Amino acid sequence: MAQGIPDDVMMNAALIKDLVDVAKDAALQQGVLMRIQETPNSSEMVTYTSFTLFPTPVPKAPFLQALALQTHYNTLVDKISQDPDFLQDALASTIAVDDFTARLFRIHQQILKEGRSQSIVLGLNRSDYMLDQGEDGKSSLKQIEINTFAASFGVRSQLDSQRIPDNNPAAGLAGAVAKAWELYGSESDGLEVAVVYFRNGYMPQNYVSEQYWDARLLMERSMAVKCPDISTHLAGTKKVQQVLAKPGVLEKFFPDQPQVAEQIRATFAGLYTLDMGPDGDKTVAMALAAPDRFVLKPQREGGGNNIYGSEICEVLEGMKEGTERMAYILMDKILPTPSKNYLLIRDAPLQISNCLSELGAFGAYVRRGKDTVMNECVGHLLRTKGSEHSDGGVAAGVAVLDNPLLF
Ligand code: ADP
Ligand code: MG
């Protein structure tokens, strides 16, 4: 780990123990907190949000590349959300077999039919990447997914070091919300809602009964600025991600900026359709022949839904020629270079772990009608997990917060 923490520090048990104590106290002092599983609704008992003891070395070029691309990703998501024909085509196979996406799509259609009630759009998203280790030893930035719904961990993390870049996404995200609120021009009698920020509603389990769907529809039809609105929600689906990777699709969204399309495309990993037909059949054969090279993804968010390794074969063989396979996409597995670190997770033993990191770039944009009022990259997020885990985020208890140490 040439660019990182020297081995004699890593292996010095007494020093590590001292550092861990100091680091946990610092986390408590700075409010890097989360609730605990035993008492998930208590404000009496909380713990630190899991984090790495040391920052993880990240090469500067791909880090800056991710930040520089974010405004283009904002534009892309926003353009997709305004293209009903594209969404209809892209999601046709998915909604035929995936009830959750189909219900969201129905709301989207109803809004289109009635006409959008609000011309102000507020987008807060996070594009996630891993650094794929190429055969030539050079790492390249590859997108895992883009989150257009409840992109979390925009927490403040500021450290005093030249190699750890400043980061304050919360300020930028809040700035965009404030801008949307201002544009809405609320006279605010205390009854009107100017901005709806969805923290939840991206999982089927969030819709406990029909009333929850009614509430979603009510919010979508309201005058409030929705973050995200239903079409931006759909623009963030994994199926859309796969369709964008098809030749020429991305280029259509940037007709006058081929270089932007090229820069975005450079971050795409291989993405493959499982629609019925020869292309989908080819994908199945490819996955069955080398399942360890791929990740099988359903249209779900929040961690823990993807399928890896031999389980890919079980699932695909179980579906055979059935249309259920259209609910999934297949993606190349990205292989980052592992690094060593200590993951500080409550009640977990303190040990050196082999770790993989995922870099996120936060985007914030506001548009009114045709007018882009704001389009920014407002910060980053580095999450790190033990390499034994294929999947999982911070909330899922697998990944932990980290900071990039640029080199
Ligand atoms: P979710 O919506 O559940 O967050 P993601 O696509 O982000 O779905 O996948 C969850 C996790 O699985 C990621 O954080 C990453 O650790 C892992 N993962 C997803 N796609 C890939 C991939 N193509 N290669 C390697 N790991 C992946
Ligand atoms: Mg994710």
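This is a predicted model: local features need pLDDT of at least 70, side-chain atom pairs count only at pLDDT 80 or more; totals for chains, interfaces and linings use all residues.
Let me start with the record: the unreviewed UniProt entry lists Arg 126 and Arg 383 under "binding site". These positions span 258 residues in sequence, yet no two of their C-alpha atoms are more than 12.6 Å apart, so they gather at one spot.

Arg 126 is found in strand E5, and with a relative accessible area of 4% it is buried, because buried here means under 20%. Setting aside residues up to four places away in sequence, Arg 126 touches, among others, Glu 145, Ile 146, Asn 147, Phe 362 and Arg 383 itself. Arg 383, for its part, is found in strand E15, residues 371-386, and counts as buried at 11% relative accessibility. Its contacts beyond four places in sequence include Arg 126, Asp 128, Glu 358 and Val 400, and with Asp 128 there is a polar contact between the two side chains, at 3.1 Å.

Turning now to the cavities, the count comes to three of 30 Å³ or more. The largest has a volume of about 160 Å³, and of the 15 residues that line it, the closest to its centre are Ile 111, Arg 116, Glu 220, Lys 226 and Asp 229. Helix H5, strand E5 and helix H8 each give two or more residues to that lining, which divides into seven nonpolar, four polar and four charged residues.

The second largest cavity holds about 120 Å³ of space; its lining has nine nonpolar, four polar and two charged residues, with helix H3, strand E6 and helix H9 each supplying at least two.

Notes:
Residues are numbered from 1 along each chain as its sequence is written. Chains are lettered from A and ligands numbered from 1 in the order in which they are written. Side-chain values use heavy atoms; hydrogens and water are left out. On a 1 Å grid over the protein atoms alone, a cavity is a set of points where a 1.4 Å probe fits but cannot get out, and a pocket is an open set with protein on both sides within 12 Å along at least five of seven lines; lining residues have an atom within 4 Å of a point. Grid points are joined across faces, edges and corners, and a volume is the space filled by probe spheres set on the points. Helices (H or I, at least four residues) and strands (E, at least two) are DSSP runs, numbered from the N terminus. Ala, Val, Leu, Ile, Met, Phe, Trp, Tyr, Cys and Pro count as nonpolar, Asp, Glu, Lys and Arg as charged, and the others, Gly among them, as polar. UniProt positions are given in the numbering used here, feature names are shortened, and annotations may be inferred rather than shown by experiment. Buried means under 20% relative accessible area, exposed over 50%, partly exposed in between (1.4 Å probe, protein chains only). Contact means heavy atoms within 4.5 Å. A polar contact is a pair of N or O atoms within 3.5 Å; within protein, one must be able to donate a hydrogen and the other to accept it, and residues adjacent in sequence count only if both atoms are side-chain atoms.
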